[in-house]
Amino acid sequence: MTIIETTQLTKRYGRRTLAVDGISFRVERGQVFGFLGPNGSGKTTTIGMLLDIINPTSGDIRLFDQHGRAELHLARRRIGATLETPNFYPYLSGLENLRVVAHIKEIPESRIGPALDAVSLAGRQRDQFRKYSLGMKQRLAIAGAMIGDPELVILDEPANGLDPEGMREIRDIIRGMADNGRTIFVSSHLLNEVERTCTHVAIIKNGRIVHQGSIAELTARHALALVRAPDTAALIAAARSYPAAVNVHQEGDDVLVELQDDDLAALNQFLGSRGVYLTFLAPRNVSLEDVFMELTTDAVTTTGASA
Amino acid sequence: MSIAKLASIELIKTRKRFGVWMALLFFFGFFAISLTGGYLEHLRTGLAGTPLPQSWPGLIDLAGNLGLLVLLVMVVLLTASEKTWRTQRQNVIDGLSRTQFFAAKLVTMMALVFILWIGVLLLTGTFGALERMGETAELPIARDVDMKLMGGLLLSLTLVGAMGLFFGTVSSSSGAGLALAFLFLFSQGPIGMLLVREGGVWASTAAFLPMQVLQALTNTMTFDPEAYARFAETMRQMEERGQSFPMPRPLVASEAIVAAVIYATALLGGAWLVIRRRDL
């Protein structure tokens, strides 16, 4: 079942700013879907349109196969979400803030206790929200999103500003939700975190989706070779002329060559034929970060063999 | 979602709001001090300090003026801060529709209006009853015109609440909302004078400025044709003697009520449209 489907979704602010430019994507039931992009790429605007807090300029949104304003409002009741910073009443306690959420979602207050337990906030539930640390605020926001036992959880930058311990806690919570069969849509620019938790991703750049698919497909697109030679400049020049090279980057004393295939022997032979003899050659796993940088950094394409 | 459910949500939000309690304390404290002064005078001299029904007009006028300040502050605070803290956005994310959010704020505003209104009537009635004596005790506790003034006070407070809801909605913070609201109210004095000096249709318009309507709703003359006629005669005589000064003409009851309903509807409609169309 398709949980989220957008078609040509567009948001324009005034005449000049096109924040989201006709994006279309689908999220299927049970996926942990990462929505990635540099700052200002349109991630939060897109999520805002999904949640009805930003009015789309044009395009279409379907949630749980529901369509139209009234149906979408009902469908949104099956969603738990946080957007950007945690937004609660600062003068109310964590418990009272979740009572507000429970009343809005029309669910019994008996669900608040387990939700606070799940994010390890039961001991501080009577403290005012304004006295919480950022990590506690993020966890309260997740408890608020989870309290209605939603089928779809949307989290916007849930690990923002957290220390490594806080990030680990959030990651564990997301994994726990995924293990319970929920569909999760998470935006983040912490690529390592996304790679560890997500099954699928869409990458957005300047308001347009530049790639979407499973993490496995994405990282299997190219092979990487880390090479070293006494003359680095000559190595880079030779590598750029290799027909199967997609990108060539210098990384300290080493050079990273992105290849269309995984034939490292052929690369070694080609470089040798150009008078460049390698002192080091090793395959390197393609990370999500490598792919993300390739797809979102304008300069990357100019360093490729065809440039 | 039912109105009761919306009210329960707003109750959780409001009952720990320090600013609301301070505003209510100021309103009822000030009002009670005024009544207590009259009661102490009654205990000392044996004469009624705030006899009923004669004291209703003065006390309702006082409540109208105090309510203008207090209610405006409370409603702007409760509405604009939802934007500042982005809790309006979170409420919508959690499942409240924009229209339900507006309805919840409307319920809060009307609840505050009723608290002030009922409080004024109870306090005035209680102190007045304590002092009923002599010839005053033979009179009804409230005359026909007093009952109309009570209705006028309710409508006046509702209009103030609508102003608070509108300015709290269109502004991004409580401070900005209050500044806008008070600028709107206090600019009407000079504007009214300018319109009256222009004469003709402009002078007639001045009588219907919101501040004039608010004052008319808690003014005895609006609901008492005899008092209105006496005032008109006094004004005519002053004009003959060349002693008159430019001021908007007083409104009669039907004009004040219709104008108040139109203003309140327009302000509430404007607030609803802003909530519905604005990106949160």
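## Domain organisation of chain A

In this predicted model, chain A is divided into domain 1, covering residues 2–215, and domain 2, covering residues 221–296. The C-alpha centres of domain 1 and domain 2 of chain A are 38 Å apart. Contact between them involves 11 residues of domain 1 of chain A and eight residues of domain 2 of chain A.

Chain A as a whole contains 11 helices and 13 strands. Its C-alpha trace spans about 75 × 45 × 35 Å along the principal axes. Of the 307 residues in chain A, 54% are buried. Among contacts in chain A with a separation of 6 or more, 68% join residues 24 or more positions apart.

The size of an interface is often given as the accessible area lost when the parts come together. For domain 1 and domain 2 of chain A, the area buried between them is about 850 Å², with 81% of it on carbon and sulfur atoms. Three residues, Leu191(A), Glu195(A) and Ile203(A), supply 50% of the area that domain 1 of chain A buries against domain 2 of chain A, more than any other three residues.

Across this interface of domain 1 and domain 2 of chain A, zero salt bridges are found. On the side of domain 1 of chain A that touches domain 2 of chain A, at least two residues each come from helix H7 (191–197), strand E8 (200–205) and strand E9 (208–214) of chain A. H7(A) gives the largest share of that side, three residues. By class, this side of domain 1 of chain A comprises seven nonpolar, two polar and two charged residues.

## The interface between chain A and chain B

The contact between the chains takes 27 residues from chain A and 29 residues from chain B. Together, chain B and chain A bury about 2900 Å², of which 53% lies on carbon and sulfur atoms. Within chain B, the residues that lose the most area to chain A are Ile12(B), Ile93(B) and Asp94(B), which together account for 23% of what that side buries.

Five salt bridges are counted between chain B and chain A. The side chains of Glu96(A) and Lys16(B) form a salt bridge, with an N to O distance of 2.5 Å. There are also 17 residue pairs in polar contact between chain B and chain A, both residues being at pLDDT 80 or more. On the side of chain B that touches chain A, two or more residues are given by each of helix H1 (3–14), helix H4 (87–94), helix H5 (98–130) and helix H13 (253–277) of chain B. H4(B) contributes the largest share of that side, seven residues. The residues of this side of chain B divide into 14 charged, eight nonpolar and seven polar.

Gln138(A) is located in helix H5 of chain A, which runs over residues 134–146. Gln138(A) counts as buried because its relative accessibility is 5%, below the 20% cut-off.

Apart from neighbours within four places in sequence, Gln138(A) is in contact with Pro86(A), Glu157(A), Pro158(A), Asn160(A), Leu162(A) and Ile170(A).

Conventions
Residues numbered from 1 in each chain as written. Chains lettered and ligands numbered in written order. Predicted model: local features only at pLDDT ≥ 70, side-chain atom pairs only at ≥ 80, totals over all residues. Heavy atoms only, no water. Domains from an automatic or database assignment. Contact = heavy atoms within 4.5 Å. Buried area = accessible area lost by both parts, 1.4 Å probe. Salt bridge = Lys/Arg side-chain N within 4 Å of Asp/Glu carboxyl O. Helix = DSSP H or I, 4+ residues; strand = E, 2+ residues; numbered from the N terminus. Nonpolar A, V, L, I, M, F, W, Y, C, P; charged D, E, K, R; others polar. Buried < 20%, exposed > 50% of the residue type's maximum accessible area, 1.4 Å probe, protein only. Polar contact = N/O pair within 3.5 Å; in protein donor to acceptor, adjacent residues only side chain to side chain.
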